[in-house]
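Here are my notes on this model, point by point. Please keep the structure open while reading.

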Amino acid sequence: MAILTGAQTSTPAASPTIGRRPGAAVLTAFAFGLAALGYRVAVLLAGAPPTNSDEGTMGLAALHIGQGSGLPVYFYGQNYMGTLEAYLAAPLVAVAKGSVLALRLPNLLLFAAFLAAMWALTRRLYSPWFATFVVGVLALGSDRILKNQLISGGGYPEINTAGAALVLLAVVLATRPRTAGYAAFGLLAGLMVWVDWLVLPYLAAAAAVLLLKRPGRRGWLALAGGTLVGAAPLLIHDLTSAWRHSAIPTFLGLNGGGPDASWADRLHGGVLTGIPLATGMCAPGRCEPWQLWWAPVWLVLLAVAGYTAWRAFRTQPDRVRPAGQLALVAAALVSLLVYARSNAAGNTPMESGRYLHCVLISTPAVLWPLWSLRGRATRWLGAGALAVICAFSLVATVSVVRELPRIAAVDDRQVGLLAELDRRGVTTVYSEYWTCDYIAYISVERVRCAVISADLTPGFDRYQPYKKAVADAPTRTFALPTDSPESAAVRGYLDAHQVSYTVDVVSGYDLYQPGTRVDLPLPD
């Protein structure tokens with residue numbers, strides 16, 4: 001019903017038929033929000049989304065914070081991406097040590113805050129019932145959406161909440177300046193500069209709206225003070241470190257890695273695949289060709305929204321509301337352009353779609369042209385289009401539910417491996433990157449793990465103390481996924497050099513225990 005009755009007007013003002021009962025809109029949005037949280041709780045309890053060593057790394061940071069043995073500023077092993085998730089989860093991890101659920105519960109609260117911010121923002125910029133409809137759309141969750149919102153892998157769960165809150169604060173402060181509001185804006189801005197720069201397009205767009213009404217002296221001081229407090233971890237670290245170890249040169253040097261992708265691959269992966277993947281249209285691990293229609297439609301709707309908002313900004317006496325709409329359009333466009341020019345968009349589009357996570361904040365701007373169509377025929381056309389969009393998102397959501405048993409089995413492999421290591425009394429082990437830190441976290445560092453590469457040299461260890469601990473251990477154990485290049489290389493080396501060893505297959509891992517000590521890098 002919301003779709004049919006809401007498409008009344010092309011202006012941001014509430015339509016006559018839907019604007020009289022905002023209380024009903026709030027209650028309906030609240031029901032959508034509860035359903036969204038219930039769905040995500042069920043997914044978490046089912047053991048999904050699948051975890052990995054990156055989440056294990058964040059878990060180790062939370063564990064060290066709770067123990068008082070470390071206060072990491074950045075994700076271990078790199079000089080960018082702040083560890084806010086670890087600090088939020090540290091109290092829970094201190095109680096439920098080694099629990100992946102404890103890591104993810106703060107992210108669930110961040111998602112709830114995101115829905116609340118999006119409802120408030122959409123209501124201010126458009127209309128109450130449209131805001132409720134947007135919450136209903138955002139309540140759905142494809143595989144990629146859930147991974148971004150729930151996994152504590154660094155940055156993603158918090159940036160959408162902060163981005164939506166920044167635009168909302170900017171719209172409010174441009175109408176009613178408040179010192180406390182400026183301080184809150186600065187604090188959030190500083191935190192995001194520390195945590196993840198993917199949200200910078202939304203931060204910049206929000207700042208432009210904020211400055212429609214210039215802050216007074218107290219406002220500027222509050223902004224500056226809040227920003228300094230929020231960005232304090234980054235500032236302290238970078239000002240006391242060598243330039244090459246600071247965030248700016250590190251982040252600016254990122255381009256997705258790997259070989260240079262062609263522009264055709266970048267546009268296909270970054271736009272045709274990136275948009276439907278990042279906005280919740282794709283099944284787990286793939287975007288079918290028939291789902292790619294959403295990319296050109298999304299671009300057209302964004303262009304229409306931008307033109308309409310720009311015209312309103314130039315002609316309406318109240319410029320704050322169209323400025324907020326323009327901010328959503330401009331930030332989404334900049335985010336897309338930055339991502340599409342990267343190698344990641346062309347080389348690894350399915351995994352790298354997370355870099356477009358922030359465009360969900362612009363959902364109201366994209367859908368408003370369909371909701372606001374006037375005229376009997378066009379109103380029904382818009383309602384039908386919105387229904388199709390919701391149907392595709394719902395199909396992607398249902399596909400996640402169908403995949404839950406298989407997804408849960410992925411994490412069971414590492415749990416089974418840890419149980420076997422504990423049974424054998426093994427406390428140090430060599431494994432591959434996507435296993436090591438996860439095993440270390442769920443064992444609460446009872447098992448320390450160092451990474452081995454397929455060429456039998458030391459791999460990328462995010463937490464360096466483990467490398468030394470494993471190297472100094474008197475015995476060697478290799479736990480490597482069956483049929484992996486690393487497992488084949490270790491077996492080949494041991495056989496070629498006639499090193500006696502035992503090997504057992506445990507939960508999808510080959511567990512090698514040589515009879516004599518072998519050290520990395522293994523000689524030819």
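1. R517 is partly exposed, because its relative accessibility is 41% and the exposed class starts only over 50%. This is a predicted model, and the values here are computed from it. The salt-bridge partner of R517 is D519, with 3.1 Å between the closest N and O atoms. D519 has a relative accessible area of 37%, so D519 is partly exposed.

2. How many salt bridges does a search of the whole structure find? The count is 14. As background, side chains of opposite charge can pair when their charged atoms come close.

3. R462 and D54 form a salt bridge through their side chains, at 3.7 Å from N to O. R462 sits in the loop between β2 (448–451) and α22 (464–472), while D54 belongs to helix α3 (residues 53–67), so the bridge ties together parts 408 residues apart in sequence. Are these two residues buried or exposed? R462 is buried, and D54 is buried too.

4. E55 pairs with R104 in another salt bridge. Their closest N and O atoms are 2.7 Å apart. E55 is in helix α3 and R104 in helix α5, so this pair ties together parts that lie 49 residues apart in sequence. Both E55 and R104 are buried. Helix α3 therefore holds D54 of the previous point as well as E55.

5. Which residues are linked in a network of salt bridges? They are E420, R423, R424 and D504.

6. Why does T122 count as buried? Its relative accessibility is 1%, and buried means under 20%. Setting aside neighbours within four places in sequence, T122 contacts S127, F130, A131, V134 and P364.

7. T348 lies in the loop between α17 (343–347) and α18 (349–352). With a relative accessibility of 37%, T348 counts as partly exposed. The C-alpha atom of T348 is 7.8 Å from that of G269. Along the chain, T348 and G269 are 79 residues apart.

8. To recap the pairs for checking on screen: R462 with D54, E55 with R104, and R517 with D519. R462 and D54 are buried, as are E55 and R104. R517, by contrast, is partly exposed, and D519 is partly exposed as well.

Conventions:
Residues numbered from 1 in each chain as written. Predicted model: local features only at pLDDT ≥ 70, side-chain atom pairs only at ≥ 80, totals over all residues. Heavy atoms only, no water. Buried < 20%, exposed > 50% of the residue type's maximum accessible area, 1.4 Å probe, protein only. Contact = heavy atoms within 4.5 Å. Salt bridge = Lys/Arg side-chain N within 4 Å of Asp/Glu carboxyl O. Helix = DSSP H or I, 4+ residues; strand = E, 2+ residues; numbered from the N terminus.
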